[in-house]
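Please keep the sequence and the model in view while working through the points.

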Amino acid sequence: MAKPTPARGKQADTSTPSWRDELDLIAAPARLCAGVLLGAALLVGAASWHAAQQAGELAQAARVRAAASSRFQNVESEKQDIAIYQPRFVELQAGGLIGDENRLAWIEAIKAIQGNRKLISASYEIEPQQALVLASPMALGDYQLRGSRMRVELGLVHELDLFHFIDDLRGAGRFTVQDCKMKRTDAPAESVGVARLNANCTLVFLTLAKGTP
């Protein structure tokens, strides 16, 4: 009786690699590939972070340059304004408009005009200085417009004496004529050394000064 021969299927199983064997064969390359991909991802992430940081630094530098350019332009504009307006500012300051008021100069000017123009009489009354409110707002910066009202009574020989008085007084300060009234006296026309006209005027001397009066 013949002995049974081994099954051919079993011989095939022992000679053919199993799927575990195939995994073992590709495990090392797979790990290497995964490592390469991870390194590449890290490099890409680092490059992106570095690029974003550089972009932020460039944007910050651009903002700094823009701010510096704006400040430079403002300085240049201020220098041009100073060059244009400083002579006028000095002129107004010398004319008594800018700065503290000088009442002594007004009083001395009235006395001098009375002597030079040979006015019969000249009396005055100066009220306390007050801040003026303008009908139309003006950009005055740190300065405030102030006014001192002066009431003047003059004894005149001729009508022109009043106009001469006002013109001469402008050398002592800046003022505006608020109102002015003139009337004749009872003095005869041929009289000498007697006022033939009386003038009552209200003047407002103006100053621009910092702070409050």
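The model described here is predicted. Strand 3 (residues 143-156) pairs in the antiparallel sense with strand 1, with strand 2 and with strand 5. One disulfide is counted, and helix 3 and helix 4 pack against each other at an angle of about 145°.

**Pairing of the strands**

- Strand 1 (residues 121-126) is joined to strand 3 by six bridges, and the two strands are antiparallel.
- Within this pairing, Ser121 stands opposite Gly155 in strand 3.
- Strand 2 (residues 130-131) is likewise antiparallel to strand 3, with two bridges.
- Here Ala131 is placed opposite Arg146 of strand 3.
- Strand 3 and strand 5 run antiparallel and are joined by 14 bridges.
- In that pairing, Arg151 stands opposite Thr202 of strand 5.

- Thr202 belongs to strand 5, which spans residues 197-210.
- The relative accessibility of Thr202 is 8%, so this residue counts as buried, the limit being under 20%.
- Leaving aside residues up to four places away in sequence, Thr202 touches Arg149, Met150, Arg151, Thr176, Val177, Gln178 and Asp179.

**The disulfide**

- Cys180 and Cys201 are joined by a disulfide, with a distance from S to S of 1.7 Å.
- Cys180 lies in strand 4 (residues 175-184) and Cys201 in strand 5, so the bond ties together parts that are 21 residues apart in sequence.
- Are the two cysteines buried or exposed, or partly exposed?
- Cys180 counts as partly exposed because its relative accessibility is 32%, whereas Cys201, with a relative accessible area of 6%, is buried.

**The packing of helix 3 and helix 4**

- Two packed helices are described by the angle between their axes and by the distance between those axes.
- Helix 3 covers residues 103-116 and helix 4 covers residues 160-169; their axes lie 10 Å apart, at an angle of about 145°.
- The crossing of helix 3 and helix 4 is right-handed.
- Helix 3 contributes Trp106, Ala109, Ile110 and Ile113 to the contact, while helix 4 contributes Phe165, Asp168 and Leu169.
- Of the residues in this contact, six are nonpolar, none is polar and one is charged.

Technical notes. Residues numbered from 1 in each chain as written. Predicted model: local features only at pLDDT ≥ 70, side-chain atom pairs only at ≥ 80, totals over all residues. Heavy atoms only, no water. Axes fitted to C-alpha atoms, helices over the stretch in contact; angles between N-to-C directions. Helix = DSSP H or I, 4+ residues; strand = E, 2+ residues; numbered from the N terminus. Left-handed = near helix turned anticlockwise from the far one by under 90°. Contact = heavy atoms within 4.5 Å. Nonpolar A, V, L, I, M, F, W, Y, C, P; charged D, E, K, R; others polar. Buried < 20%, exposed > 50% of the residue type's maximum accessible area, 1.4 Å probe, protein only. Pairing = 2+ DSSP bridges. Disulfide = S-S within 2.5 Å.
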